[in-house]
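Here are my notes on the model, as numbered points. Please read them with the structure open.

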Amino acid sequence: SADITGLFDNIDRSLLKGIIQKRVNDGAILRLIGKWFNAGVVEGGATSYPDKGTPQGGVISPVLSNIFLHHVLDDWFVKQVQPRLKGRSFIIRWADDFIIGCELESDAHRVMAVLPKRFDRFRLSLHSDKTKLIEFGRPRSDEQCRRRGTFDFLGFTFHWGKTRKGYWVIKKKTARKRLSRFMKQLWCWCKDNRHEPIGDQHRMLNSKLRGFYQYFGVRG
């Protein structure tokens, strides 16, 4: 599992423009993207004009970052890395978080060695604390399961467990940090709003809990 450090703040605009121009030759669209880059950022009442990265909070930023990472990571992995690996492999990416799975440990080490070089070429870096190599193969016993690693992705912790019939399956639960953060926010809200009418507190509390359950709720 891996995470990119400060993606939105560190995308090289000249490299991004070059990637876009390979697929888009409409001058009006390219000029519009250029205007988004130069619009500036208002923070604390002051306007700044950063020379790199995509506009923070801009509606176009997620699209531009996905275009950039599709070239830097997705397309590169499928076309250049996978054909050189001996076993099966896959990649799953959501924004700047991604997972690469390899059937063979030797392949995983090869990918791990080349990833930082690939990102450095495009002036990006991987988050050292969130990027790690994990043994996550199907366990054959309860003891082996306890030695298997876990990983967090999109707010969930993924781990091995057994079904009611005794089959090994990958399970997920809310990541500990996400749960603790939500509970702390909920406690602070209850403390700050304890003098509000009970009916209003009830409606707001239900709304907050529903929002949490609708994303983190897991069947079974």
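1. Domain bounds here come from an automatic or database domain assignment. The model itself is predicted. The assignment divides the protein into domain 1 (2-130), domain 2 (142-174) and domain 3 (177-217). Taken over C-alpha atoms, the centres of domain 1 and domain 3 are separated by 35 Å.

2. Where does positive charge gather on the surface? Look at the patch formed by Lys130, Lys132, Lys177, Arg178 and Arg181. Lysine 130 sits in the loop that runs between helix H5 (105-121) and helix H6 (142-147). Its relative accessibility is 47%, so lysine 130 counts as partly exposed. Domain 1 is assigned residues 2-130, and domain 3 is assigned residues 177-217.

3. The loop between H5 and H6 also holds arginine 123. Check the backbone there: phi of arginine 123 is near 60°, a positive value in a residue other than glycine. Arginine 123 is exposed, at a relative accessible area of 53%. The cut-off for exposed is over 50%.

4. Leucine 154 is placed in the loop between strand S6 (151-153) and strand S7 (156-162). With a relative accessible area of 26%, leucine 154 is partly exposed.

5. Arginine 176 belongs to helix H7 (residues 176-192). Is arginine 176 buried or exposed? It counts as exposed, because its relative accessibility is 70% and the cut-off is over 50%.

6. Leu32, Trp36 and Val59 make it, over about 290 Å². Leucine 32 is in helix H3 (residues 27-37). Leucine 32 counts as partly exposed, at 40% relative accessibility.

7. How many salt bridges does the structure hold? The count is nine. One of them pairs lysine 162 with aspartate 142, with the closest N and O atoms 3.4 Å apart. Lysine 162 is in strand S7 and aspartate 142 in helix H6, so this pair ties together parts that lie 20 residues apart in sequence. Both partners are partly exposed: lysine 162 has a relative accessible area of 38%, and aspartate 142 has 41%.

8. Arginine 147 pairs with glutamate 143, and the closest N and O atoms are 3.7 Å apart. Why are these two separated by about one helical turn? Because arginine 147 and glutamate 143 are four residues apart in helix H6. Arginine 147 is exposed, with a relative accessible area of 56%. Glutamate 143 is partly exposed, at 40%.

9. In helix H8 (residues 198-216), arginine 203 and aspartate 200 are three residues apart, about one turn of the helix. They form a salt bridge whose closest N and O atoms are 2.2 Å apart. Please inspect that contact. Arginine 203 counts as exposed at 53% relative accessibility, whereas aspartate 200 is partly exposed at 32%. Elsewhere, salt bridges with shared partners join Glu143, Arg146 and Arg147 into one network.

Note on methods: Residues numbered from 1 in each chain as written. Predicted model: local features only at pLDDT ≥ 70, side-chain atom pairs only at ≥ 80, totals over all residues. Heavy atoms only, no water. Patch = residues over 30% accessible without salt bridge, like charges linked within 9 Å, V, L, I, M, F, W, Y side chains within 5 Å. Areas by Shrake-Rupley, 256 points an atom, 1.4 Å probe, with all protein chains shown as cover. Salt bridge = Lys/Arg side-chain N within 4 Å of Asp/Glu carboxyl O. Lys, Arg positive; Asp, Glu negative; His and termini not counted. Charge placed at Lys NZ, Arg CZ, Asp CG, Glu CD. Buried < 20%, exposed > 50% of the residue type's maximum accessible area, 1.4 Å probe, protein only.
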